[in-house]
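Open the model in your viewer and follow the stops below in order. Each one says what to select and what is there.

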Amino acid sequence: MIKKIFLFIMLAATHSSNISAVEKPQPLRPGDTIALVAPARPTEPADIAAICNALKQKGFKVVISDNASSRRGYLAGTDEERAKALMQAWCNPSIKMIW
């Protein structure tokens, strides 16, 4: 559902006159899976650990993309690696939120 809202926001930015209703996402619940993805800059390993610990303490499962701490210049890997990580999270029905 959250993915649908993200898509809605993206569509609304380009086609605002064609949107008639908003579908609210279901609230996250303990046990839901959150994907940590780095579609732009890399995330420091210490930050990844802190984020994961905070989410796990709240009862969430966390999946970390392979490229989350990768570095290619100022980016978190190649264009292909970053796109692949985002699409894997987006297309996985068990992931309820992408961080």
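Select Ile 34, Leu 36, Ile 48, Ile 51, Cys 52, Leu 55, Phe 60, Val 62 and Ala 68: these nine residues form the largest nonpolar core. A nonpolar core is a set of buried Ala, Val, Leu, Ile, Met, Phe, Trp, Tyr and Cys residues joined through side-chain atoms within 4.5 Å. Buried means under 20% relative accessible area, exposed over 50%, and partly exposed in between, with a 1.4 Å probe and protein chains only. E1 and H2 each supply at least two residues of this core, and H2 gives the most, with four. Such elements are DSSP runs numbered from the N terminus: helices are H or I of at least four residues, strands E of at least two.

This is a predicted model, in which local features need pLDDT of at least 70 and side-chain atom pairs count only at pLDDT 80 or more, while totals for chains, interfaces and linings use all residues. Residues are numbered from 1 along each chain as its sequence is written, and side-chain values use heavy atoms, leaving out hydrogens and water.

Stay with Leu 36. Not counting residues up to four places away in sequence, Leu 36 touches Ile 48, Ile 51, Val 63, Ile 64, Ser 65 and Trp 99; contact means heavy atoms within 4.5 Å.

Next, show the strands. Three of them form an open sheet with parallel pairing, in the order E2-E1-E3; two strands pair if DSSP finds at least two bridges between them. E2 and E3 (95–98) are the edge strands, each pairing on one side only. From one strand to the next the twist averages 30 degrees.

Select E1 (residues 33–36) and E2 (residues 61–64), which are joined by four bridges. Thr 33 has Lys 61 as its bridge partner in E2. From E1 the chain passes through helix H2 (residues 45–57) to E2, a right-handed β-α-β crossover: with the strands pointing away from the viewer, the path from the first strand over the helix to the second runs clockwise. H2 lies across E1 and E2, at about 155 degrees to E2. Axes are lines fitted to C-alpha atoms, for helices over the stretch in contact, and angles run from 0 to 180 degrees between N-to-C directions.

On the other pairing, three bridges join E1 to E3, and Ile 34 has Met 97 as its partner in E3.

Finish at Lys 96, in strand E3. Is Lys 96 buried or partly exposed? Lys 96 is partly exposed, at a relative accessible area of 39%. Its C-alpha atom is separated by 8.0 Å from that of Ala 35, 61 residues apart along the chain.
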